[in-house]
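Thanks for asking me to look over this model.

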Amino acid sequence: MSNTYWLNGKYINKEDAHVSPLTHTLHYGLGAFEGVRSYGSTDGDNVNIFRLKEHTERLFESAKIINVSINHTVDEVMEAQIGVISKSDLKDAYIRPLLYLNDERLGLDIVGMSSHLMISCWDWPTYFGAESIEQGIDVMISSFTRQFPNSIMTKSKITGGYVNGVMAHDQAKNNGYQEAILLDTNGFVAEGSGQNIFIVKNGNLLTPELTCCLNGITRRSVIQMAKDKGIEVHERQITRDELYTADEIFFSGTAVEITPIRSVDKVVIGQGKRGEITKIIQETYLGIARGEIKEYDHWLSRV
Ligand code: PMP
């Protein structure tokens, strides 16, 4: 964990960051956050943040959706994320901006309440363990349904919205799986607890359209990389049995990067390990993040 946080425009020591137990967001879950990654470059010279502008813009969109203002510009918030990484000495790190309502009063009326923006960062190893990169993970279809777009909206990273994902993830872990896949209200595949999902069938990529899943920045990157490699991508409704009969399945997300799925509900997917197209996408993604593939340099912000 970094010793320096950024709070409302100032860098502060971790020990000086205090939150009141009456913090509104702690009680009602109305806040928004981002998950962003930095990577050390393969040549060892630089640290870069992956798609910083897109993440920062999504934070502003999340804020707009929940009607909580950010008292800074996109540029200032980008600069602050670069700042916490450069002060931390970390290379491969996870960056967490969090927008929350303060503690002036509790209750459901938020008019006039002040908002705070905090940014922290910490070291980030492989999410599911090093072995998962090639061997993949075992997942289950959750008994929890992904939230309906008109309950907690799905285009924002609202703090309270993550209760659904945390419960689905916890249920999966307690049942001996590493992760959960959530279906939407109509029974179509939505996404993982905190990841988008892709399947490979007959050489093409399929992913759920953006009705019940987050507009993931890794998802967008996968679609772009696949198209650049001449792989067809279709965004459409996907059924549970299409998962079972897929040639390959993988999750995409800032935290999990590209993680192969080797079984769903104990049904073995394809060869039961990372498939060929997953490997291509995974290697391209990590190659870009580590500054090895120059055509995508505009996705990186130098620290
Ligand atoms: N879905 C959900 C619910 C998430 O929390 C995340 C992580 N932000 C994703 C998908 C993947 O999004 P991204 O690629 O932008 O990290």
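1. Let us begin with the largest pocket, which is lined by 38 residues. Nearest its centre lie Phe-33, Lys-157, Tyr-162, Ser-193 and Gly-194. A pocket here is an open set of points on a 1 Å grid over the protein atoms alone, with protein on both sides within 12 Å along at least five of seven lines; a cavity is a set where a 1.4 Å probe fits but cannot get out, and lining residues have an atom within 4 Å of a point. Please keep in mind that this is a predicted model, in which local features need pLDDT of at least 70 and side-chain atom pairs count only at pLDDT 80 or more, while totals for chains, interfaces and linings use all residues. Residues are numbered from 1 along each chain as its sequence is written, and side-chain values use heavy atoms, with hydrogens and water left out.

2. The elements giving two or more residues to the lining of the largest pocket are α2 (52-66), β6 (93-101), α5 (162-174), β10 (189-192), α6 (217-228) and β14 (248-253). Helices (H or I, at least four residues) and strands (E, at least two) are DSSP runs, numbered from the N terminus. The largest share, four residues, comes from α5.

3. The volume of the largest pocket is about 690 Å³, a volume being the space filled by probe spheres set on the points, which are joined across faces, edges and corners. Its lining residues divide into 14 nonpolar, 18 polar and six charged. In this scheme Ala, Val, Leu, Ile, Met, Phe, Trp, Tyr, Cys and Pro count as nonpolar, Asp, Glu, Lys and Arg as charged, and the others, Gly among them, as polar.

4. The second largest pocket has a volume of about 310 Å³. It has 14 lining residues, and Val-19, Thr-23, Leu-26, Leu-98 and Tyr-100 are the closest to its centre. β1 (4-7), α1 (24-28) and β6 each give two or more residues to this lining, with the largest share, three residues, coming from β6. By class, the lining has nine nonpolar, four polar and one charged.

5. Now the rings. Tyr-296 and Trp-299 make a tilted pair, 4.8 Å centre to centre with 55° between the planes. Together with Phe-50 and Tyr-285 they form one aromatic cluster. Arg-51 lies over the face of Trp-299, 4.1 Å from the ring centre (CZ of Arg or NZ of Lys within 6 Å of the centre and within 35 degrees of the ring normal).

6. Finally, Val-84 lies in helix α3 (residues 74-88). Is Val-84 buried or exposed? Val-84 is buried, with a relative accessible area of 0% (buried means under 20%, exposed over 50%, partly exposed in between, with a 1.4 Å probe and protein chains only). Leaving aside neighbours within four places in sequence, its contacts (heavy atoms within 4.5 Å) include Trp-6, Tyr-11, Ile-95 and Cys-121. The C-alpha atoms of Val-84 and Cys-121 are separated by 6.9 Å, although the two are 37 residues apart along the chain.

Key. Phe/Tyr/Trp six-rings, centres within 6.5 Å; stacked < 30°, edge-to-face > 60°.
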